[in-house]
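Subject: Structure handover, salt bridges

Hello,

Here is the structure you asked for. My notes on its salt bridges follow below.

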Amino acid sequence: MELRIPDHIAIIMDGNGRWARKRGMPRIMGHYRGAEVAEEIAKACADLGVRYLTLFAFSTENWKRPREEVDLLFNLLRDYLKSKREDLKKLGIRIRFIGRRDRIGGDLRSLMEDLERYTSDNSRLTVILAVDYGGRDDIVRAVRRVIDSGARSIDEETFSSFLDLGGVPDPDLLIRTAGEKRISNFILWNLAYTELYFTDLCWPEFSKDELIRAIEDFSRRKRKFGRVLDE
Ligand code: IPE
Ligand code: IPE
Ligand code: MG
C-alpha cells in the first residue's frame, strides 16, 4: 500500500519501567534502552521524510516519581545531549525543547539551549523533546504571555503562536506505547484533530518496523476535520 507520511508525529514513549521489570531489571534499564529506541526512531523518521517528531520525555507530573529515578532520567538526558551533538549535525536533525525550563538545573538548561543553537541550521527533521512538559502548564504559560503582550483580543491562530509548539504544524499522528490509552497531559491544544494510534508494545520494544506499521494504519484513516467527505 502507498504510505502517506505524516508531517508531524508525536509519541508518548511509555512502558520503559514495565519492560525492565518484566526482565527482572531495575526500571532505569528500561529508560536506557528507551533512549536508544528514541534515537533509532528519530533516524527512521528522517529517512521516511517526516518533518517533525515530538517525543514526550518527562512530564510535569513525573516529578512525583522517586527522587532516584528522576535524577537518573536527567543524567541520562544530560549524557545524551553531550554525546550526540555531532551525530545530530551529520543527520541534519534539529533539536528543540518544549516545556518549563525554570525547574531544570542551570547546567542542563545551558546544554539544552546550546544544542538548540548548535543544530538550528539543520532542516531535514526537527526533533522536539518535551521535558518538564504539561499540556495544561503550556496553556497557562501561553495565557500569561498573551497578558504580558498587552493584547486586547485573541483568536485561535494568535493563541497557538504563544504555545510551546507555536509555528509547528499540529501532529498528524500520535503514537502511545505500552497499552495505555490516555493523553497524560501531553500537548492538549495541538492534538485537537490528531489521529491516535495505540500499541501494546512497550517503548523499548518499539522499532522502525513498528513505526511503519503505525504509518500504514494512519495512511488508511479518513481525516474529515468535521466535514463530509465527497464520495
Ligand atoms: C515512560 O516509561 C518513560 C517516562 C515516563 C519517563 P515509564 O517509566 O512510564 O514506564 P512504565 O509506564 O512505568 O512501565
Ligand atoms: C507519560 O507517561 C509521560 C511520558 C511518557 C514522559 P506516564 O507513564 O508518566 O503516564 P501515566 O502516569 O501512566 O498516565
Ligand atoms: Mg508510564
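Arg 182 is partly exposed, with a relative accessible area of 47%. Salt bridges with shared partners also tie Arg 100, Asp 102, Asp 137, Arg 141, Arg 145 and Asp 164 into one network. Please keep in mind that this is a predicted model.

The partner of Arg 182 is Glu 180, and the closest N and O atoms of that salt bridge are 3.8 Å apart. Glu 180 is buried at a relative accessible area of 19%, because buried means under 20%.

In total, the structure holds 30 salt bridges. Two others that I looked at are described here.

Asp 107 and Arg 78 meet through their side chains in a salt bridge, at 3.0 Å from N to O. This pair links distant parts of the chain: Asp 107 lies in helix α5 (residues 106–118) and Arg 78 in helix α3 (residues 67–83), 29 residues apart. Asp 107 is partly exposed, with a relative accessible area of 45%, whereas Arg 78 is buried, with 18%.

Glu 39 and Lys 43 also form a salt bridge, and their closest N and O atoms are 3.7 Å apart. Both residues sit in helix α2 (residues 27–48); they are 4 residues apart there, so about one helical turn separates them. Glu 39 is partly exposed, with a relative accessible area of 21%. Lys 43 is partly exposed as well, with a value of 36%.

Regards

How values were computed
Residues are numbered from 1 along each chain as its sequence is written. Chains are lettered from A and ligands numbered from 1 in the order in which they are written. This is a predicted model: local features need pLDDT of at least 70, side-chain atom pairs count only at pLDDT 80 or more; totals for chains, interfaces and linings use all residues. Side-chain values use heavy atoms; hydrogens and water are left out. A salt bridge is a side-chain nitrogen of Lys or Arg within 4 Å of a carboxyl oxygen of Asp or Glu. Helices (H or I, at least four residues) and strands (E, at least two) are DSSP runs, numbered from the N terminus. Buried means under 20% relative accessible area, exposed over 50%, partly exposed in between (1.4 Å probe, protein chains only).
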